[in-house]
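Hi,

Here is the structure I promised to pass on.

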Amino acid sequence: MAETSVHEIVAELAALEDPKARAVNEKHGDDHGVNLGKLRALAKRLKTQQELAHQLWATEDTAARLLAILICRPKAFERDELDVMLRAARVPKVHDWLVNYVVKKNPHCEELRLAWFADPDPVVASAGWALTTERVSKNPEGLDLAGLLDVIAAEMKDAPDRLQWAMNHCLAQIGIEHAGHRARAIDIGERLEVLKDYPTPPNCTSPFAPIWITEMVRRQHDK
């Protein structure tokens, strides 16, 4: 019965394939053409189904893996299981959703953060940095913020894209959330010039850390 369900769901995902959506997604490295609103509607209909989530993930299809993330039970995964999944998640959207929707809610989150942070695979390391950024914002006690800034100052400039983006986000978050480190965070951003020329749409904040930090602090003061 479960196997039939997987085939039915995969067929339904295939029917939702939209060439225009795929063209947009592929520009970001995401090889699927399913509208995310329709994907979420399907997940809502299926509700939480951990076994089905496992089977959808095993198909290795990107849309199926995104759906698996939406219908799984995040706290049910073992540490090593999530480590294997993260290393297999090479598509940016799958990687981001796995970290944000599953790992952050899992009891092994901190253990995985520490394991991934210094991993030699830059995509895996980017997950460690993303989880560190979450702690910078919500639970900074015990973090060596000055040490994080040391690593960013030394390594961000030449880091591969995904890792560089995650380190830059951490840099900005330290500057936004921690006034005592703000001047140094801005100085590192100005010196390294990472994402300084990133094309930013109107009414959006630039990911260039000095601009990002200054703008978010201004908004906090205006509240």
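Let's start in the middle. The largest nonpolar core has 38 residues, and Leu-67 and Leu-98 are the ones that touch the most other members. Eight helices each supply at least two residues of this core: H1, H3, H4, H5, H6, H7, H8 and H9. The largest share comes from H5 (62-71), with seven residues. Keep in mind that this is a predicted model.

Leaving out residues up to four places away in sequence, Leu-98 touches Trp-57, Ile-69, Met-85, Leu-86, Ala-89 and Val-103.

There's also a second, separate core of 29 residues, with Leu-145, Leu-148, Leu-149 and Ile-174 among its members. Three of those names come up again in helix H10 (residues 145-155), whose buried residues are Leu-145, Gly-147, Leu-148, Leu-149, Ile-152 and Ala-153. What do the buried residues of H10 pack against? They pack against helices H8 (109-117), H9 (122-138), H11 (161-177) and H12 (179-192).

Now for the charged side chains. The count comes to 17 salt bridges, and here are a few to look up:

- Glu-17 pairs with Arg-22, and their closest N and O atoms are 2.5 Å apart. Glu-17 is partly exposed, at 31% relative accessible area, and Arg-22 is partly exposed too, at 25%.
- Lys-104 and Glu-134 meet at 3.1 Å, N to O. Lys-104 sits in the loop between H7 and H8 while Glu-134 is in helix H9, so this pair ties together parts that are 30 residues apart in sequence. Lys-104 counts as partly exposed at 26%, as does Glu-134 at 24%.
- Arg-135 and Glu-110 meet at 2.9 Å, N to O. This pair links helix H9 (Arg-135) with helix H8 (Glu-110), 25 residues apart.

Is Arg-135 buried or exposed? Arg-135 counts as buried because its relative accessibility is 14% and the cut-off for buried is under 20%.

Last stop: Met-216, which lies in helix H13 (residues 209-222). Met-216 is partly exposed, with a relative accessible area of 26%.

Definitions and conventions
Residues numbered from 1 in each chain as written. Predicted model: local features only at pLDDT ≥ 70, side-chain atom pairs only at ≥ 80, totals over all residues. Heavy atoms only, no water. Buried < 20%, exposed > 50% of the residue type's maximum accessible area, 1.4 Å probe, protein only. Helix = DSSP H or I, 4+ residues; strand = E, 2+ residues; numbered from the N terminus. Contact = heavy atoms within 4.5 Å. Core = buried A, V, L, I, M, F, W, Y, C linked by side-chain atoms within 4.5 Å. Salt bridge = Lys/Arg side-chain N within 4 Å of Asp/Glu carboxyl O.
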